[in-house]
Amino acid sequence: MSAHCMLTGAQPGFGNRISHSHRRTSRRFDPNIQSKRYWLPSEGRYVRLRLSTKGINTVDTIGIEAAVARIRARGVRI
């Protein structure tokens, strides 16, 4: 489960790589997952989250407390 965003749920997409001769082989489109550490004031500790870049922007917009609440609502353990 390494290429999953904890907040947005972004996961790899699959498709075909098409060569010049039009042969098709399978490929994988991975989301841009980054590991980021945030201070969680309500618990007095740091949490390390694996987020896509869209998820990092979401945390910046709504705040870490609301983001952690959304992650826990999805059933992901932090």
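Me: Which elements does the cover of the buried residues of α1 include?

Reply: This is a predicted model, in which local features need pLDDT of at least 70 and side-chain atom pairs count only at pLDDT 80 or more, whereas totals for chains, interfaces and linings use all residues. Residues are numbered from 1 along each chain as its sequence is written, and side-chain values use heavy atoms, with hydrogens and water left out. Helices (H or I, at least four residues) and strands (E, at least two) are DSSP runs numbered from the N terminus, while buried means under 20% relative accessible area, exposed over 50% and partly exposed in between (1.4 Å probe, protein chains only). Contact means heavy atoms within 4.5 Å, and the cover of the buried residues of α1 includes β3, β4 and α2.

Me: How wide is the arc that the buried residues of α1 cover around the axis?

Reply: The buried residues in α1 are G55, I56, T58 and V59. They lie on the same side of α1 because their arc, taken from the directions from the helix axis to the C-beta atoms, is only 160°.

Me: Which residues are exposed on the other side of α1?

Reply: One side of α1 holds buried residues, G55, I56, T58 and V59. On the other side, the exposed residues are K54, D60 and T61.

Me: What is the orientation of α1 to α2?

Reply: Helix α1 (residues 53-62) and helix α2 (residues 64-73) pack at an angle of about 125°, with their axes 7 Å apart. Axes are lines fitted to C-alpha atoms, for helices over the stretch in contact, and angles run from 0 to 180 degrees between N-to-C directions. Angles under 35 degrees count as roughly parallel, over 145 as roughly antiparallel, 65 to 115 as roughly perpendicular and the rest as oblique. The angle therefore makes the orientation of α1 to α2 oblique.

Me: How many residues of the contact of α1 with α2 are nonpolar?

Reply: From α1, T58, V59 and I62 meet I64, A66, A67 and R70 of α2. Ala, Val, Leu, Ile, Met, Phe, Trp, Tyr, Cys and Pro count as nonpolar, Asp, Glu, Lys and Arg as charged, and the others, Gly among them, as polar. The contact has 1 charged residue, 1 polar residue and, as nonpolar residues, 5.

Me: Within what arc do the buried residues of α2 fall?

Reply: In α2, I64, A67, V68 and I71 are buried. Viewed down the axis of α2, these residues line one face of the helix, because they fall within an arc of 100°.

Me: What is the bridge partner of R37 in β4?

Reply: Two strands pair if DSSP finds at least two bridges between them, and β3 with β4 pairs in the antiparallel sense over 8 bridges. Their hairpin has 4 residues between the strands, and G44 there takes a positive phi near 65°. The partner of R37 in β4 is R48.

Me: What is the relative accessibility of L49?

Reply: L49 lies in strand β4. Leaving aside residues up to four places away in sequence, L49 touches M6, Q34, S35, K36, Y38, I64, I71 and I78. L49 counts as buried because its relative accessibility is 0%.
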